[in-house]
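Please look at the sequence and the model together before reading on.

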Amino acid sequence: MAAAAAVRKFRPIVISGPSGTGKSTLLKRLFAEYPDTFGFSVSHTTRSPRPGEQEGRDYYYTNKDAFQKLVDENGFIEHAQFSGNHYGTSVKAVKDVAEKGRICVLDIEMEGVKQVKRTDLNARFLFLAPPSLEELERRLRGRGTETEDSLLKRLTQAKVELEYSRQPGAHDKIVVNNDLEEAYAAMKAWVVDGGKFGVQEE
Ligand code: 5GP
(Lines give C-alpha, C1' and ligand atoms only; values in the text may rest on other atoms or scores of the structure.)
Protein backbone atom coordinates (compact mmCIF):
# COMPACT_ATOMS: atom_id res chain seq x y z
CA MET A 1 0.00 0.00 0.00
CA ALA A 2 1.31 3.47 -0.80
CA ALA A 3 2.37 5.32 2.31
CA ALA A 4 -0.20 8.08 1.91
CA ALA A 5 -3.01 5.56 1.58
CA ALA A 6 -1.72 3.68 4.61
CA VAL A 7 -1.68 6.88 6.64
CA ARG A 8 -5.28 7.55 5.67
CA LYS A 9 -6.35 4.00 6.43
CA PHE A 10 -4.56 3.89 9.77
CA ARG A 11 -5.53 7.25 11.17
CA PRO A 12 -2.58 8.81 12.98
CA ILE A 13 -2.94 9.56 16.67
CA VAL A 14 -1.71 12.86 18.01
CA ILE A 15 -0.95 13.03 21.71
CA SER A 16 -0.34 16.42 23.22
CA GLY A 17 -0.32 17.90 26.67
CA PRO A 18 1.94 19.97 28.91
CA SER A 19 5.54 18.92 29.29
CA GLY A 20 5.80 16.72 32.38
CA THR A 21 2.27 15.31 32.20
CA GLY A 22 3.53 11.82 31.41
CA LYS A 23 3.07 11.48 27.65
CA SER A 24 6.36 9.67 27.07
CA THR A 25 5.82 7.27 29.97
CA LEU A 26 2.34 6.33 28.77
CA LEU A 27 3.44 6.03 25.16
CA LYS A 28 6.36 3.78 26.06
CA ARG A 29 3.89 1.46 27.75
CA LEU A 30 1.58 1.48 24.76
CA PHE A 31 4.43 0.64 22.37
CA ALA A 32 5.65 -2.14 24.67
CA GLU A 33 2.18 -3.67 24.84
CA TYR A 34 1.45 -3.30 21.11
CA PRO A 35 4.85 -3.46 19.40
CA ASP A 36 3.45 -4.22 15.93
CA THR A 37 0.39 -1.99 15.95
CA PHE A 38 1.78 1.44 16.65
CA GLY A 39 4.82 3.30 15.48
CA PHE A 40 6.29 6.44 16.96
CA SER A 41 6.82 9.42 14.70
CA VAL A 42 10.38 10.39 15.56
CA SER A 43 10.59 14.18 15.54
CA HIS A 44 13.50 16.46 14.81
CA THR A 45 14.61 18.77 17.58
CA THR A 46 17.33 21.33 18.19
CA ARG A 47 17.40 20.63 21.92
CA SER A 48 20.17 18.47 23.38
CA PRO A 49 19.55 14.82 24.18
CA ARG A 50 18.68 14.04 27.79
CA PRO A 51 20.49 11.21 29.55
CA GLY A 52 19.07 7.93 28.28
CA GLU A 53 17.61 9.37 25.09
CA GLN A 54 18.74 7.90 21.78
CA GLU A 55 19.23 9.43 18.36
CA GLY A 56 16.66 8.05 15.94
CA ARG A 57 14.54 6.51 18.68
CA ASP A 58 13.50 9.49 20.83
CA TYR A 59 14.39 12.27 18.41
CA TYR A 60 16.62 13.17 15.50
CA TYR A 61 18.89 15.71 17.16
CA THR A 62 19.86 18.50 14.86
CA ASN A 63 20.95 22.12 14.81
CA LYS A 64 19.18 25.32 13.84
CA ASP A 65 20.67 25.52 10.34
CA ALA A 66 19.89 21.94 9.42
CA PHE A 67 16.41 22.32 10.87
CA GLN A 68 15.80 25.48 8.84
CA LYS A 69 17.07 23.76 5.71
CA LEU A 70 14.46 21.03 6.15
CA VAL A 71 11.79 23.71 6.71
CA ASP A 72 12.83 25.39 3.45
CA GLU A 73 12.65 22.09 1.61
CA ASN A 74 9.08 21.54 2.89
CA GLY A 75 10.36 18.52 4.76
CA PHE A 76 8.06 19.03 7.75
CA ILE A 77 4.38 18.24 8.17
CA GLU A 78 4.42 20.64 11.09
CA HIS A 79 7.01 22.41 13.16
CA ALA A 80 7.08 24.80 16.09
CA GLN A 81 9.24 26.44 18.69
CA PHE A 82 8.92 25.27 22.25
CA SER A 83 10.84 26.47 25.28
CA GLY A 84 13.49 28.05 23.07
CA ASN A 85 14.04 25.03 20.80
CA HIS A 86 12.68 23.91 17.45
CA TYR A 87 10.67 20.72 17.05
CA GLY A 88 9.15 19.23 13.92
CA THR A 89 7.51 16.16 12.44
CA SER A 90 9.14 15.33 9.14
CA VAL A 91 7.15 13.93 6.23
CA LYS A 92 9.60 11.05 6.28
CA ALA A 93 9.01 10.23 9.96
CA VAL A 94 5.30 9.67 9.33
CA LYS A 95 5.90 7.80 6.08
CA ASP A 96 8.39 5.47 7.79
CA VAL A 97 5.67 4.36 10.21
CA ALA A 98 2.96 4.10 7.56
CA GLU A 99 5.16 1.95 5.35
CA LYS A 100 5.39 -0.60 8.15
CA GLY A 101 1.59 -0.76 8.19
CA ARG A 102 1.44 0.70 11.66
CA ILE A 103 -0.68 3.42 13.20
CA CYS A 104 1.48 6.49 13.54
CA VAL A 105 1.61 8.18 16.94
CA LEU A 106 2.79 11.78 17.21
CA ASP A 107 3.81 13.37 20.52
CA ILE A 108 3.69 17.09 19.75
CA GLU A 109 2.82 20.43 21.33
CA MET A 110 -0.13 22.71 20.68
CA GLU A 111 1.05 24.69 17.66
CA GLY A 112 1.90 21.42 15.96
CA VAL A 113 -1.57 20.10 16.79
CA LYS A 114 -3.14 23.11 15.08
CA GLN A 115 -0.98 22.58 12.00
CA VAL A 116 -1.75 18.86 11.78
CA LYS A 117 -5.45 19.74 11.87
CA ARG A 118 -4.96 21.72 8.69
CA THR A 119 -3.44 18.75 6.82
CA ASP A 120 -5.23 15.81 5.23
CA LEU A 121 -3.76 13.36 7.74
CA ASN A 122 -7.20 12.81 9.28
CA ALA A 123 -5.62 12.36 12.70
CA ARG A 124 -7.30 11.68 16.02
CA PHE A 125 -6.33 14.01 18.87
CA LEU A 126 -5.82 13.09 22.51
CA PHE A 127 -4.88 15.60 25.17
CA LEU A 128 -3.16 14.42 28.31
CA ALA A 129 -3.77 16.83 31.18
CA PRO A 130 -2.05 17.05 34.56
CA PRO A 131 -4.30 16.94 37.65
CA SER A 132 -3.23 20.52 38.45
CA LEU A 133 -0.50 23.02 37.65
CA GLU A 134 0.98 22.54 41.12
CA GLU A 135 1.29 18.81 40.54
CA LEU A 136 2.78 19.44 37.11
CA GLU A 137 5.46 21.69 38.61
CA ARG A 138 6.20 19.06 41.24
CA ARG A 139 6.62 16.37 38.56
CA LEU A 140 8.75 18.55 36.32
CA ARG A 141 11.05 19.48 39.21
CA GLY A 142 11.19 15.86 40.34
CA ARG A 143 12.22 14.76 36.86
CA GLY A 144 15.31 16.91 37.17
CA THR A 145 15.80 17.29 33.43
CA GLU A 146 15.27 21.05 33.12
CA THR A 147 17.14 24.17 34.07
CA GLU A 148 15.12 26.68 36.07
CA ASP A 149 14.68 28.78 32.94
CA SER A 150 13.44 25.84 30.88
CA LEU A 151 11.16 24.73 33.70
CA LEU A 152 9.51 28.14 33.97
CA LYS A 153 9.04 28.34 30.20
CA ARG A 154 7.40 24.91 30.24
CA LEU A 155 5.06 25.90 33.07
CA THR A 156 4.06 29.09 31.29
CA GLN A 157 3.37 27.12 28.13
CA ALA A 158 1.41 24.53 30.13
CA LYS A 159 -1.14 27.22 31.00
CA VAL A 160 -1.53 28.09 27.33
CA GLU A 161 -1.96 24.44 26.34
CA LEU A 162 -4.55 23.87 29.09
CA GLU A 163 -6.43 26.95 27.95
CA TYR A 164 -6.47 25.68 24.37
CA SER A 165 -7.63 22.22 25.48
CA ARG A 166 -10.75 23.78 26.94
CA GLN A 167 -11.85 25.12 23.57
CA PRO A 168 -14.64 22.98 22.14
CA GLY A 169 -13.35 20.60 19.49
CA ALA A 170 -9.68 21.21 20.24
CA HIS A 171 -9.20 17.50 20.98
CA ASP A 172 -11.25 14.36 20.49
CA LYS A 173 -10.43 13.03 23.93
CA ILE A 174 -8.99 14.38 27.18
CA VAL A 175 -7.36 12.09 29.72
CA VAL A 176 -6.27 13.45 33.11
CA ASN A 177 -3.12 11.78 34.36
CA ASN A 178 -3.82 11.68 38.05
CA ASP A 179 -3.09 8.00 38.52
CA LEU A 180 -0.78 6.37 35.97
CA GLU A 181 -2.70 3.06 35.81
CA GLU A 182 -6.03 4.77 35.32
CA ALA A 183 -4.65 7.18 32.76
CA TYR A 184 -3.07 4.31 30.82
CA ALA A 185 -6.32 2.34 30.83
CA ALA A 186 -8.28 5.36 29.60
CA MET A 187 -5.74 6.18 26.92
CA LYS A 188 -5.52 2.58 25.75
CA ALA A 189 -9.29 2.18 25.53
CA TRP A 190 -9.59 5.23 23.31
CA VAL A 191 -6.47 4.64 21.24
CA VAL A 192 -6.87 0.92 20.64
CA ASP A 193 -10.62 0.52 20.33
CA GLY A 194 -11.12 3.60 18.24
CA GLY A 195 -8.09 2.86 16.09
CA LYS A 196 -9.08 -0.71 15.33
CA PHE A 197 -12.04 0.32 13.27
CA GLY A 198 -10.79 3.69 12.14
CA VAL A 199 -13.73 5.42 13.77
CA GLN A 200 -13.64 8.45 15.94
CA GLU A 201 -17.07 8.81 17.47
CA GLU A 202 -16.73 9.85 21.09
P1 5GP B 1 10.62 17.67 25.21
O2 5GP B 1 11.70 18.67 25.05
O3 5GP B 1 10.12 17.60 26.63
O4 5GP B 1 10.97 16.31 24.66
O5 5GP B 1 9.38 18.16 24.34
C6 5GP B 1 8.85 19.43 24.54
C7 5GP B 1 7.53 19.55 23.83
O8 5GP B 1 7.74 19.46 22.41
C9 5GP B 1 6.53 18.45 24.18
O10 5GP B 1 5.27 19.05 24.42
C11 5GP B 1 6.48 17.59 22.95
O12 5GP B 1 5.21 17.01 22.77
C13 5GP B 1 6.76 18.61 21.88
N14 5GP B 1 7.25 18.03 20.64
C15 5GP B 1 8.05 16.96 20.46
N16 5GP B 1 8.26 16.72 19.15
C17 5GP B 1 7.54 17.65 18.47
C18 5GP B 1 7.31 17.92 17.10
O19 5GP B 1 7.80 17.25 16.20
N20 5GP B 1 6.52 18.96 16.82
C21 5GP B 1 5.94 19.74 17.76
N22 5GP B 1 5.16 20.73 17.35
N23 5GP B 1 6.12 19.52 19.06
C24 5GP B 1 6.91 18.50 19.42
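This is a predicted model: local features need pLDDT of at least 70, side-chain atom pairs count only at pLDDT 80 or more; totals for chains, interfaces and linings use all residues.

Residues are numbered from 1 along each chain as its sequence is written, and side-chain values use heavy atoms, with hydrogens and water left out.

Strand 7 (residues 103–107) is largely enclosed by the rest of the structure, because five of its five residues are buried. Here buried means under 20% relative accessible area with a 1.4 Å probe, protein chains only, and strands are DSSP runs of E with at least two residues, numbered from the N terminus. In a regular strand the side chains alternate between the two faces of the sheet. In strand 7, I103, V105 and D107 lie on one side and C104 and L106 on the other, and all are buried.

Two strands count as paired if DSSP finds at least two bridges between them. Strand 1 (residues 13–16) runs parallel to strand 7 and is joined to it by three bridges, with V14 opposite L106. Strand 2 (residues 38–40) also pairs with strand 7 in the parallel sense, over three bridges, and F38 stands opposite I103.

Four strands form an open sheet of mixed pairing in the order 4-3-6-5. Strand 4 (59–61) and strand 5 (76–82) stand at its edges, each with a single partner strand, so one side of each is left without a neighbour in the sheet. Strand 5 and strand 6 (residues 85–90) run antiparallel, joined by six bridges, and F76 stands opposite S90.

Technical notes
Buried means under 20% relative accessible area, exposed over 50%, partly exposed in between (1.4 Å probe, protein chains only).
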